[in-house]
Amino acid sequence: TLINGIKALLSAEYSRDISKKVKAGITQKQKQGVVFGNATIWGYDKDINGNFIINENEANIIRRIFNWYVEGKGFRSIFKLLDNEGIKNRNGKPFAMTTLKRIIRNEKYKGVVVANKRQKNFDTKKVTLNDESQWIVHENAIPAIVSEELWNTANEILSTKKRKRNDEGRDKEEIAGYFKGNHLYSNKIF
C-alpha cells in the first residue's frame, strides 16, 4: 500500500504539472491573438479554419435585443417579445432572462475578445475572476454584430440597474427589478 500511495502522489504531481503547462500554452496563444471558444455563441458560427463568422439570422435577433434594451425594455419584456414571435434558442426553448443579460454583457458582440478573465484552481477546482490587469484584450478580433456605441449604452444602462443587497453578511449585486416573478401581483404584496 505504501507503493500505491507513492504512485498516487506522483500521479497527482504529474497531472498538476501538465495542467500548468497547458494553461501556459493557452495563455501564450491568447497573447498572440488566437481566439478560443466554441461556436455556441449566439450570432456566430465558425468556419472550417475556426474563425468566427456572423450568422445573419441570429445576428439580427442580437441587434434587436440590444435595441430593445436601449429603448428601455427590461429582460422580462424582451423575453416576452421573443417568445411571442416564436424565437427560441438553439435548443428550441425560450431564451432565459439570464441569457439575455449575458448577451448584453458579452464583449464579443462589439468585436472585442477578452481572454484570461477567469482561472480554475487545480486543487480547489473553483473558478475565480482574474484582476482586469491580467485580462488579454484584442480589439476587432472578430466581426462585430453591434456598434461599440450601442454596446456601451446598453451596458451603462445595465450597470445603473445594479444594486447591492446584503445576503447573510455578504454584499451581493443584483439587478433591480430582476426575477421578481411572472405573476400579475408579483412584487406588489410583501
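In which sense, left-handed or right-handed, does H2 pass H5 in their crossing? Before I answer, let me say that this is a predicted model, in which local features need pLDDT of at least 70 and side-chain atom pairs count only at pLDDT 80 or more, while totals for chains, interfaces and linings use all residues. Residues are numbered from 1 along each chain as its sequence is written, and side-chain values use heavy atoms, with hydrogens and water left out.

The answer is that H2 passes H5 in a left-handed crossing, a term used if the near helix is turned anticlockwise from the far one by less than a right angle, with right-handed used if clockwise. The axes of H2, residues 56–70, and H5, residues 148–160, come within 9 Å and cross at roughly 50 degrees, where axes are lines fitted to C-alpha atoms, for helices over the stretch in contact, and angles run from 0 to 180 degrees between N-to-C directions. H2 and H5 are therefore oblique to each other, given that angles under 35 degrees count as roughly parallel, over 145 as roughly antiparallel, 65 to 115 as roughly perpendicular and the rest as oblique.

On the H2 side, Phe-66, Asn-67, Tyr-69 and Val-70 meet Leu-150, Trp-151, Thr-153, Ala-154, Ile-157 and Leu-158 of H5, contact meaning heavy atoms within 4.5 Å. Sorted by class, the residues of this contact of H2 with H5 are eight nonpolar, two polar and no charged, with Ala, Val, Leu, Ile, Met, Phe, Trp, Tyr, Cys and Pro counted as nonpolar, Asp, Glu, Lys and Arg as charged, and the others, Gly among them, as polar.

H5 also meets H4, residues 97–105, and there the axes come within 9 Å and cross at roughly 130 degrees, so H4 and H5 are likewise oblique to each other. Lys-101, Ile-104 and Arg-105 of H4 make this contact with Trp-151, Ala-154, Asn-155, Leu-158 and Ser-159 of H5, and by class the contact of H4 with H5 has four nonpolar, two polar and two charged residues.

Going back to H2, that helix also holds Glu-58, which is buried, with a relative accessible area of 11%. Leaving aside residues up to four places away in sequence, Glu-58 touches Ile-41, Trp-42, Gly-43, Tyr-44 and Arg-90. Buried here means under 20% relative accessible area, exposed over 50%, and partly exposed in between, with a 1.4 Å probe and protein chains only.

For the chain as a whole, the secondary structure comes to five helices and eight strands, these being DSSP runs numbered from the N terminus, with helices (H or I) of at least four residues and strands (E) of at least two. Of the 190 residues, 27% count as buried.
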